[in-house]
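Subject: Structure handover

Hello,

Here is the structure for your files, followed by notes on what was found in it. Please read the notes with the model open beside them.

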Amino acid sequence: MERIAGNGDRVAICLTGGSSPKQLYQLLATEAYRSQIPWARVHWFIGDERFVRSDDPLNNMAMARRTFLDLCAPAANVHPIPTDAADPEQAARRYERELQSFYGAHQLDSTRPLFDVVLMGVGPDGHTASLFPGYPDLDETERWVVGVPKAHVEPFVPRVTLTLPALNSCREMLFEVSGADKRTILTRVLAGENLPASRAHSICETIWLVDKAAVPENFRGQ
Ligand code: 6PG
């Protein structure tokens, strides 16, 4: 909320998929939060998408739409990854153009972040968005969005993902991690192991929201 209020101009928020953000999205639709968000000037993007139809239950933006966007946000401010494209690569090219047109430039400028807030999750293998360990897209430096023909974890559908230069171009990155099954991978990520989630960070502020069950052993009691 502070981040939105602090920017009196257009605000860009990049959402995440997976199951962890659902409660947060539900909260945004409640009156207490809904009434604080200047919906007309907030734009909603998504960090990665499963390459399935926009009404498929696996579609990340569809979950965000159902949970809060369709209830609160003007349709023109919702920017889904176009999964009606011929293939993930074409969808990536189209989304990259949309992001560049919103940003007003083809090159990212480190003094002018693309997003105000980027939400992220961490997968069981240390992936974040659809940037999987050992995949070449991780080292992408030019492209903002790429097609990922094969996922490393379930659901095994092709993906489209923003790259690290685009995701990291934000004022605030907020990781949400919950559940005991995330404790091992979170221990590795926070120890700085070379995993996609360890390489994602804002150029300004990165915040980890971790529930009790997911807190690594060596952070317990701190
Ligand atoms: C996806 C995601 C993915 C997700 C993590 C964590 O499309 O699956 O965007 O990167 O954020 O896998 O997912 P959970 O919140 O379900 O654990």
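This is a predicted model: local features need pLDDT of at least 70, side-chain atom pairs count only at pLDDT 80 or more; totals for chains, interfaces and linings use all residues.

N59 touches E49, R50, V52, R53, S54 and T83, leaving out residues up to four places away in sequence; contact means heavy atoms within 4.5 Å. N59 lies in the loop between β3 (48-50) and α4. Helices (H or I, at least four residues) and strands (E, at least two) are DSSP runs, numbered from the N terminus. At 4% relative accessibility, N59 counts as buried; buried means under 20% relative accessible area, exposed over 50%, and partly exposed in between (1.4 Å probe, protein chains only).

Residues are numbered from 1 along each chain as its sequence is written, and side-chain values use heavy atoms, with hydrogens and water left out.

The parallel sheet

An open sheet is formed by five strands in the order β2-β1-β4-β7-β8, with parallel pairing; two strands pair if DSSP finds at least two bridges between them. β2 (42-46) and β8 (205-210) stand at the edges with a single partner strand each, so one side of each has no neighbour in the sheet. On average, neighbouring strands of this sheet are turned by 20° against each other, direction ignored. Axes are lines fitted to C-alpha atoms, for helices over the stretch in contact, and angles run from 0 to 180 degrees between N-to-C directions.

Strand β1 (residues 11-15) pairs with β2 in the parallel sense over five bridges, and C14 stands opposite F45 in β2. Helix α4 (residues 60-72) packs on the sheet and touches β1 and β2, its direction making about 145° with that of β2.

Further along, strand β4 (residues 115-120) and β7 pair in the parallel sense over five bridges, where V118 has M173 in β7 as its bridge partner. β7 and β8 are joined in the parallel sense by six bridges. Seven of the eight residues of β7 are buried, so this strand is largely enclosed by the rest of the structure.

Aromatic residues

There are ten aromatic pairs in the structure. Rings of Phe, Tyr and Trp (its six-membered ring) pair if their centres lie within 6.5 Å; planes under 30 degrees apart count as stacked, over 60 as edge-to-face and the rest as tilted. One of the pairs is F175 with W208, which is stacked at 4.0 Å centre to centre with 5° between the planes. F175 lies in strand β7 and W208 in strand β8, so the pair ties together parts that are 33 residues apart in sequence. F175 also stands opposite W208 in the strand pairing. F175 is buried at 0% relative accessibility, whereas W208 is partly exposed, with a relative accessible area of 28%. Elsewhere, ring pairs link Y25, W39, W44 and F68 into a cluster.

Helix α7

In helix α7 (residues 183-190), the buried residues are I185, L186 and V189. They cover an arc of only 100° around the axis, which puts them on the same side of α7; the arc is that of the directions from the helix axis to the C-beta atoms. These buried residues pack against β7 (170-177), α8 (196-199) and β8. Just after α7, G192 takes a positive phi of about 85°.

The antiparallel sheet

Three strands, in the order β3-β6-β5, form an open sheet with antiparallel pairing. β3 and β5 (145-148) are the edge strands, each pairing on one side only. From one strand to the next, the twist averages 15°. β5 and strand β6 (residues 159-162) pair in the antiparallel sense over four bridges, with V145 bridged to L162 in β6. Helix α5 (residues 88-103) lies across β5 and β6, running at about 165° to β5.

Cysteines

A search of the whole structure finds zero disulfides, a disulfide being a pair of cysteine sulfur atoms within 2.5 Å. The closest cysteine sulfur to that of C72 is in C14, 18 Å away, which is too far for a bond. C72 counts as buried at 12% relative accessibility. C204 is in no disulfide either, and the nearest cysteine sulfur, that of C170, is 7.3 Å away. At 54% relative accessibility, C204 counts as exposed.

Regards
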